[in-house]
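Colleague: Please pick one part of this model and take me through it closely. Start with charge pairing, then move on to what surrounds it.

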Amino acid sequence: MKKGLLVFVTLVIFTGLIGCTTGNNTKKDTPARIPTGEEVIPLSQKYNTLLVYSYETTPVLKKDYPIELKESHAALITALLMSETYSKVAPAKVDEQYSEPDTLLIKIKVADMRIASTSARIWGGAFAGSSYMHMNVQFVEAVSGQLIHEKFFSSTNNAMAAAWTFGSNDRSLPVDLAKIVADYILKKVPAM
């Protein structure tokens with residue numbers, strides 16, 4: 001009985017040590033985070049209103065991840081609203097023309113994404129692979145319709161960490177990336 005317990009404890013410690021020595025670091029796992037040393041230079045124009053279009057993506061991603069895309073979009077708008085930086089932050093309507101001064105249109109295209117399912121994470125653990133999301137964010141001036149800034153964001157989680165949390169960081173990845181984008185917008189787009 002004691003020998004079995006000793007073997008079990010040894011295996012747990014050994015597994016933990018192997019997990020700690022994989023060489024992965026958080027910068028590699030979350031490349032979209034703005035590094036501390038990177039300076040975000042604000043736009044020269046100030047804006048009162050931000051209108052955020054629904055995410056554009058492929059039909060396959062719309063079919064496979066409808067909830068995740070909506071949650072990410074809502075999290076982006078919520079983070080901008082909670083900052084209380086701008087007079088108005090709202091979803092933009094595709095069929096409406098916007099030409100109000102001091103209004104910035106934000107267009108986001110999700111190029112690719114993969115969210116490991118909970119069952120895959122439970123049964124496959126780290127072998128289910130990493131979850132990721134890649135998006136391109138464009139700032140378009142409402143009056144002129146000109147593209148004034150564009151930035152690519154990408155985030156990938158650690159498959160081993162996701163296995164230990166039973167996929168909670170898989171499920172939170174779209175919302176987490178939206179918060180990173182919101183943080184960037186707040187630094188890049190000055191308010192009036």
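Predicted model: local features only at pLDDT ≥ 70, side-chain atom pairs only at ≥ 80, totals over all residues.

Modeller: Residues are numbered from 1 along each chain as its sequence is written, and side-chain values use heavy atoms, leaving out hydrogens and water.

The pair is D183 with K187, whose closest N and O atoms are 3.4 Å apart. Both sit in helix α8, 4 residues apart, about one turn of the helix. Helices are DSSP runs (H or I, at least four residues), numbered from the N terminus. Side chains of opposite charge can pair when their charged atoms come close.

D183 counts as partly exposed because its relative accessibility is 34%. K187, at 39%, is also partly exposed. The cut-offs are under 20% for buried, over 50% for exposed, and partly exposed in between (1.4 Å probe, protein chains only).

Next comes K188, also in α8. K188 is buried, at 10%. Its side chain reaches the backbone oxygen of I41 at 2.6 Å. Beyond its neighbours within four places in sequence, K188 is in contact (heavy atoms within 4.5 Å) with V40, I41, P42, L43, F139 and H149. Other buried residues of α8 include L177, I180, V181 and Y184.

Last, the geometry. Helix α8 has 16 residues (173-188), so at 1.5 Å a residue it should span 22 Å, and its end C-alpha atoms are 22 Å apart, which agrees. The expected span is 1.5 Å times one less than the number of residues.

Technical notes
Helix = DSSP H or I, 4+ residues; strand = E, 2+ residues; numbered from the N terminus. Salt bridge = Lys/Arg side-chain N within 4 Å of Asp/Glu carboxyl O. Polar contact = N/O pair within 3.5 Å; in protein donor to acceptor, adjacent residues only side chain to side chain.
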